[in-house]
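Visitor: I would like to learn how to read a protein model step by step. Could you take me through some features, giving the general idea before each case?

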Amino acid sequence: MLEFRTAGFNPYSVKYSPFFDSRLAVGAGANFGLVGNGRLFILNLTANGIVCEKFFETQDCLFDLTWSEQHENQLLTAGGDGSIKLFDIGVGEFPVAGWQEHGREVFSVHWNLVNKGTFLSSSWDGTVKIWTPEKKESLMTLPVHSCVYSAQFSPHHPEIVTCVSRDSHLRVYDLRTKPSAQNHMTLAIPIHAPPKISTPGFGQTSVGPTECLTHDWNKYRDSVVATAGVDGVIRTFDMRMPSGPVNVLPGHEYAVRKISWSPHLSDVLLSASYDMTCRVWTDGSNVDQGGNGSGLGREMGRMDRHTEFAMGVDWCLFGAEGWCSTCAWDERVLVWDVREFMRTN
Amino acid sequence: MSAQNRMSQVSGHMSATGKAGLTEKRPDDIVVTTALRTAITKGGKGGFKDTPAADLLHGAFTGLIQRSGIDPSFVEDIAVGCVLAPGGGATEYRAAALAAGFPESTAVKSLNRQCSSGLSACVDIANAIRSGMIEIGVGAGVESMSTQYGPGAVTEFSELLENHETAAECKVPMGMLSEQMAKDRNVARKDQDKFAAESYRKAGEAQKQGLFDQEIMPMKVKWTDPKTDEEKEITVARDDGVREVTEESLGKIKPAFAKNGSIHAGNASQISDGAAAVLLMKRSTAERLGQKIMGKYVAASVVGVPPLLMGIGPWKAIPVALEKAGVSKDDVDIYEINEAFASQCLWCANELGLPLEKINPKGGAIAFGHPLGCTGARQVSTLLYELKRTNKQIGVTSMCVGTGMGMAAVWVAE
């Protein structure tokens, strides 16, 4: 396990570069992101451990970041002051571009993985905005009317956008539809709805709606999305039958802050929680691995070396299939191999 | 400010409820900027015994215009809940609005969903604002049981209805069916009397401390002294049904509906007169007009139950409203559940597992009366002022509805 200290800053997000297997970026804020400056760390994995290649200072906490899919040296940040900034590692100490439309904290940014010319942002102001680096103004604003913690483009389709929000809904937008009263929204799935198939060990009575903090598209199954939030439960949804969750993965004792599907295995995901653990899960869908379709997901392992709220997780896209990075409010970024933490059973 | 917001957001993540989403402030929230009522007085002998319903409503309307400071021409529609008025009161309520200072451009309608009429009126206006039909409206309720209570309020049932079992049950008087329900559901007379005595105690204390003065609009009315037959002008500013009782004194009252029954005049709602009005608009409108926001309307539910079990209405309606609002019953700080009868209110509370200290903290219809159409609108002011006073946020108003229905609404004080 490799470790890097973000002394004086509490990380919110960590992301591997899609271009280099040894490059990481971390978005962080002073004073737990409540008040004070932010800092963007560019880290390199070297023979001598993790080395900070460069950092950028910002006026407010950085709640999220995403690497550009167009340019290997560029990345975007989500600012507490409502700003989105594009940094270039090769260019000075200031951002090379910036966008300011959101009225409140920006909580997520995501680069379009298919049409690499657009990106999106989501904010506490209750909107998701679609942008292109070439324009100063947003291309489109999708009103959600509730604090949007996480928004993503589908990795399978350039015009499909999803988001999760404080009001416990997973919304799906199809940007190809005509603008209408629905503002491109095609689905609004209640996350707290009862699962289609009851899960052993998970009470039948849901606690009702709670804030949903994170979601991620499965990289292989193009209709599957996982969500998680304040009730500590990870759920998977299949867009082909959107009325309720397909699979429910309870276990975290407090809110789940971030989840990420493996880029290598279609049934595996990683989570980071306020309970300070990062856990590896299978949703049970991989029949070759002993899964049996829906309803039989389970926790496969956990890493509990973080000593404060775990906030960010990301998988390495390159090399062997278990390497990942996590960050937490303990001012640490850890790089580790999930296979070392798998339970054998 | 922003640091505080972020801190409360993180702390919100530590408890698994939908509360954070509910208390969020959005420009398209439907907010209450003024909620008030007249005093509620005893039917047949109280301060409003000689005041027609339309005049009571006029009092609530003038109070609303005066307290809110709103330009009356901005109000596009008024819905008035009432139960007993012939013709629904539609004609005289439009006249009352004009007399109170609303211009011809302000529309008025009356509606009747029995005891939930006042709430139906508020919800109706809130929905009209939400859908964009109007921008500003008033939900109100009124009842003069002194002048309009009696057999004339229900039309004779046809043969067709009489021959249908459930349909015919709609006609069974409230008292009779509640007596049967109390028996079937095992609500003991002692528990009913205890609940009723608490209602009197809470209302009495609130009255002594002047807590109702915030919501009551005093009214000058003509009143005939029954002893001397002399007509005088009096100012009515207090609920006159509130009196000193104890569980023991209530225990001595004879049952009203059955010899060995448990329901009597002391543990059922009083027959009363009164009016209430609530000014509603979008948050963005309120901010533009500089209106002070008391709280917001979130969601409402209406459900049906068997006519003979009308008292269980709140038990069925409250969970539906909470589900729509996205909160659990524990997130709610105060429940205003109409005390039609101590038996049904207590049964609903127990069945839902609600702690009694959260229910009607300033007393209810047992202590100060239940002017049928007014109650639903009256609960809004009682709830919002009490939430504010105790620095709490989330409240529910609910009531059972004659012929077998229940209604509930979720409100957030600010």
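Guide: Let us begin with burial: a residue is buried if 20 or more other C-beta atoms lie within 10 Å of its own, exposed if 12 or fewer, and partly exposed in between, with C-beta atoms placed from the backbone. B:Asp229 has 7 other C-beta atoms within 10 Å and is therefore exposed. Please keep in mind that this is a predicted model, in which local features need pLDDT of at least 70 and side-chain atom pairs count only at pLDDT 80 or more, while totals for chains, interfaces and linings use all residues. Residues are numbered from 1 along each chain as its sequence is written, and chains are lettered from A and ligands numbered from 1 in the order in which they are written.

Visitor: Where is B:Asp229 placed, and what is its phi near?

Guide: Most residues other than glycine have a negative phi. B:Asp229, however, has a positive phi near 60 degrees, and it lies in the loop between β6 (219-224) and β7 (231-236) of chain B. Such labels refer to DSSP runs, numbered from the N terminus, with helices (H or I) of at least four residues and strands (E) of at least two. In chain A, A:Asn183 also has a positive phi, near 50 degrees, and its place is in the loop between β16 (169-174) and β17 (185-190) of chain A. A:Asn183 counts as partly exposed because it has 15 C-beta neighbours inside 10 Å.

Visitor: Which residues of helix α4 of chain B are buried, and what do they pack against?

Guide: An α-helix has 3.6 residues a turn, so residues three or four places apart point the same way. In helix α4 (residues 90-100) of chain B, the buried residues are B:Glu92, B:Tyr93, B:Arg94, B:Ala96, B:Ala97 and B:Ala100. They pack against α3 (53-68), β3 (77-81) and β4 (107-111) of chain B, where a contact requires C-beta atoms, placed from the backbone, within 7 Å. Just after α4(B), B:Gly101 takes a positive phi of about 115 degrees.

Visitor: How should I read a pair of helices, and at what angle do α5 and α16 of chain B cross?

Guide: Two packed helices are described by the angle between their axes and the distance between the axes. Axes are lines fitted to C-alpha atoms, for helices over the stretch in contact, and angles run from 0 to 180 degrees between N-to-C directions. The axes of α5 (residues 117-130) and α16 (residues 375-389) of chain B come within 4 Å and cross at roughly 70 degrees. α5(B) and α16(B) are therefore roughly perpendicular, since angles of 65 to 115 degrees count as roughly perpendicular, those under 35 as roughly parallel, those over 145 as roughly antiparallel, and the rest as oblique. Among the residues that meet are B:Ser117 and B:Ala121 in α5(B) and B:Thr375 and B:Val380 in α16(B).

Visitor: What about α10 and α14 of chain B: at what angle do their axes cross?

Guide: The axes of α10 (residues 189-208) and α14 (residues 342-352) of chain B come within 9 Å and cross at roughly 95 degrees, which makes α10(B) roughly perpendicular to α14(B). B:Asp191, B:Gln192, B:Phe195 and B:Ala196 of α10(B) make this contact with B:Ala342, B:Ser343, B:Cys345 and B:Leu346 of α14(B). By class, the contact has five nonpolar, two polar and one charged residues; here Ala, Val, Leu, Ile, Met, Phe, Trp, Tyr, Cys and Pro count as nonpolar, Asp, Glu, Lys and Arg as charged, and the others, Gly among them, as polar.

Visitor: How many residues are in the largest nonpolar core, and which touch the most other members?

Guide: In soluble globular proteins, nonpolar side chains tend to be buried together. A nonpolar core is a set of buried Ala, Val, Leu, Ile, Met, Phe, Trp, Tyr and Cys residues joined through C-beta atoms within 7 Å. The largest has 131 residues, of which B:Leu57, B:Ala60, B:Ala140 and B:Leu280 touch the most other members. Its largest share, eight residues, comes from strand β12 (residues 405-413) of chain B. A second, separate core of 96 residues includes A:Leu43, A:Val233, A:Val268 and A:Cys278.

Visitor: How many residues does each chain give to the contact between chains A and B?

Guide: Chain B gives 17 residues and chain A gives 21 residues. On the side of chain B that touches chain A, α1 (2-13) and α2 (19-23) of chain B are the elements that give two or more residues, and α1(B) provides the largest share, five residues.

Technical notes. Contact = placed C-beta atoms within 7 Å.
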